[in-house]
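Please open the model in a viewer and follow the selections below in order.

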Amino acid sequence: MMRKDQSGVITLEACISVLMFLLLMLLLSGLFLMFMAQTVTAHVVLETTESMSLEAYSLEKLAVDEGTIGGVGDQLGKLVSSWFGNSEKSPNFVSAKKWYDGDDKEIAAAIKERFVGYLSGGDEAKADKLLTMMNVVNGLDGLDFSQSYVEDDTLHVFLAYKLKYNFNMGPLKDVPVEQTACSKLWK
Amino acid sequence: MNPKRRKKKKPYKAVNGVKGAITLFLAILMTPFLTIAMSLVEAGRYNSAVSLMDEAMGVAAVSTLADKDDYVKDRWGLFSLGQEHDLGTTFTRSLEENAGALGKSVTVNSTKAQGLYPLSDGEVLYNQIMEFSKMSAPLKLAENFLDLADLVKKFEKLLSIGNIAELLNAGADAVDSMITIAETAEEMKDLADKIAKNEEEYNTKYAAFEKATNDLIDALKQEKESSENDNNTTESPAPTETAAPATDLDKLKKEAKKARDEYKDIVGELSGNLDSFKTQMEDWQEAVESLADDALQAVSSTYAIRSTLGSKKDQLDKVDKEIDKLKKEGRKEDDPDLKKLMGQREDLEVEVAELQVKEAAADSSNDGVQGMTENWRTSFKNYNNENTGEIVRQLNRLKEKLVNFNFDTLTGDSTKITQQDYKVNITGSYVKSSDIDAFLDAQKEEMNKGSLKDLLTFINSFFNSVFKTALLYEPALCAVLDADFYNQKFGGLPGQDMSQGGLSYIFRTIGDFIGSISSFVDNLKSGKWLDNLKKIKEVIQNGQKMFEAIQNFLTGLVESVKTIGQKICYTTYSAFNLPCRTDCPGGALSFKTLTGYSMDGVTLPRMAPSSNYSLFDDLAVMIDSIFNMANNTGNSYAFCGAELEYMLFGSRSEIANQLYTFLTLYLVRVALDLVPVLSNAETQAMAGCTGPGYPVVMAVLCLVEPLVDTLMLVNGAKVSLIKTKVFLTPSGIPSLIEKLLPLMKARTEADKQKMKDDLLGVMNTKSSEFDTKLKEYTHGATLPEHKGYGWDLLELEYREYIFLIMLLLTSKEEQLQRLANLIQTETFYHYNREHATFDFDLRKSYTFLSSEVNLTVNQMLPALLDSGFFTIQRQCYRGY
């Protein structure tokens, strides 16, 4: 039988050690979540890069300039686009214009749009929710593609964002993440 | 509490009641739990990392594949990896950046990338072409308004004409019979000459016999008178001066006997020869009469043909009227009702053509036979076999009489012999050699009278003169590939580098046929009727061989028609993606490929035409030249523009390819022109006037008309698949000149004038005299108007014909191998001209990339450790 002067020791000990274990577990779970976030974004970045590099081919071959009637080939291009999807129906997967001819800002915007497409099927709110859930700082707005560029017909995708720890109760700083991918455009 | 006591009681002084139990519990319990959990997480990380690395490799591979060969893509529409950069370097550079997506999860230790499945592999090339042309080929055919199904249907109909060789048989049989008659005539002539000599000798010998015998009788008479005088006058008679001494009588008797024997021999010989003559004459007569009977019977069968022909022509007229009606209503060519009627018209025209040829062949051969039998009867009307038989019998009796003639019984009182008793009048017992000659000459004249010689001379001259013109091939396209260069540099061209002349046998039969016509024409003026007939027979035999070969070719074509469905895509690709001679007038290339690539004067090499320019004496020389040139090696990296022609023959010589294509196209036109030429009223009339020469003239026209079409096609004109007008007729030649001469843009005025002269030479007249000349040929007969469709059906140009020929004749393997060679030569030339840093080799035009990466997946917590635990090899395959 426990002595009277020892009563509450277990409770006290449990309060300390279980909490520490719990914190450790939460820290680990936060890490896992970070890994998951990185894996997810890495996958999406790679998909986005591949998709955009391949899209250059269809943009070169099938894009019909606005204001022109277009030849048989152009009409066929329209037809093919209408079968397999066009920028009106799937703006996150099909570009309306040759984004690679624009400046870095336009390129970054196009990349982000495609990124959302591959992340959540084009639903920005869903993407934001998903990213927030994965502890991406500022969710979708926290993703920075501004350093992406096209050079020598090669698309360089550069994604930067920050991850915060789960249950961060103090000193842990946000973790910066940078992911890169590149692919030559199929022009 | 006393501490000593407590120490004593508690041997495990570290254990202080339950203090630390929770911590201990958690430490012991959670460590394995945590370890398991961490391991699972690590496994998950490992899998994600590997999966992400696979993705990164895929993106790097796609990026490497994007570094495609732009010329091969733009010019040929095919995807292959560029050869300018090293694949491994390109891949590694891209992978390193893509691995950045994984952060520090992995470390790439080494990478390797290599190309697979080059375009030089036939199946790879085939799949790439199919990929490209599955959309563009139907589009191209639609743009060119080529309704392939309709085209194939028409093709089958046109090729369904009956066996032309059989039609020639009708003529051959008649010529055969005439040859028998002519040969018999020659034999009879020899016999008649012999009999004439016999007759002369017969007369001489009879005279000798009569004189010798009568002299003997005179001598015997004198002797008798002398001996009677002796008995009546003196006892001692004096010898009379006039009485023949006994020795003289003996001599006279001997001479008379000799003369009788000689006369008897000649009578026997004459009788034998006359008997032979009679027998041969009977056979000859029988042969002529039988031929005449056959001709009569043929006339009755011609009635049946004529009746069917009449009804078919009526149907044709009816269909024509309906077509006219619909046309007046403003219906267009694609109107379903009109199309249906046109289909009926095509069927009927083929039937009418066959019947018309049968009728005309029978008519003309009957005319020839009837003319000959008439001549025969006129020439030998005075000859009578019975009379000759009687004379032979009399001669035999005379011979017997002479054998029994006994000179010992002759006395001075014997009666002198006379012609009446000892000679048979043989007048009219045989036909004189000069009469037979007259008959043969008359036949020869008959053969010439029908303008056969003139017509054949001119047509033959035109046919051969075509091979001497500058129109057969484009002289500026005269490159010969440098096989040695490609052998040394790349181990040869990627496809089989050998020409295939599968049709050469047919070309040679045409050459033989035309050769036999030349020989016949040369012989016509000086040769005998028999020789001419034999030459005609030779012509017909060669014609039969030729048409049999053509017929086999047609059968093959019809069989091929059934399989073209599988060949449409890649054949369309070849036919509309390669330049041909009509894109290079004077050697100046201007062509837009199926892939949209514009080829101009610098895309391919240009060569001076003069060095290789040559002409040919005739078709046979041309065929020999083609095969002599076929596997030559030259000094050119690529062809100058006749690439489409290479697809048909596969020779390194551009000229050989052009010539072979010319002949192949010609052969197809021969097949397609059979119906129009055979059913044309003017050609029928022209040939019909030549009697037994009808099949020859028709056969020649069937060969020359396509030659004209081919000349026009290879020089850039369009020619209807189904012709409604025949050029080589008096009414067609002016329009031919009108159409052909403007096509000779790049030719000199002298060339143009020569062609014009040759064309006019066919009729041996000026264009203003065509009508007069036609009347001469047709003996003034009015020609029926040839009814056409009212417009030219399915006008196709050179390239479209070659497209059809390739569909029907060139196998998939041949096409792919030759395409591979053309891609190699043309692309090599392009990069060489651009001073590229590499030598283009189709064997290195990879369509697939195989990559291999050795990587280490870094564990999570022992980022603590320098190196990862998990090293792995990943492979990735990506292709176009």
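Select chain A and chain B together: the area buried between them is about 3,400 Å², and carbon and sulfur atoms give 70% of it. Buried area here is the accessible area (1.4 Å probe) that two parts lose on being put together, summed over both. This is a predicted model, in which local features need pLDDT of at least 70 and side-chain atom pairs count only at pLDDT 80 or more, while totals for chains, interfaces and linings use all residues. Residues are numbered from 1 along each chain as its sequence is written, chains are lettered from A and ligands numbered from 1 in the order in which they are written, and side-chain values use heavy atoms, with hydrogens and water left out.

Next, display the residues in contact (heavy atoms within 4.5 Å): 40 residues of chain B meet 39 residues of chain A. Zero salt bridges link chain B and chain A, a salt bridge being a side-chain nitrogen of Lys or Arg within 4 Å of a carboxyl oxygen of Asp or Glu.

Helix 2 (21-66), helix 4 (87-98) and helix 5 (122-143) of chain B each supply at least two residues of the side that touches chain A. Helix 2 of chain B gives the largest share, 19 residues.

Finally, select the cysteines. Zero disulfides (pairs of cysteine sulfur atoms within 2.5 Å) are found over all chains. The sulfur of C478(B) lies 5.7 Å from the closest cysteine sulfur, in C640(B), too far for a bond.

Key: Helix = DSSP H or I, 4+ residues; strand = E, 2+ residues; numbered from the N terminus.
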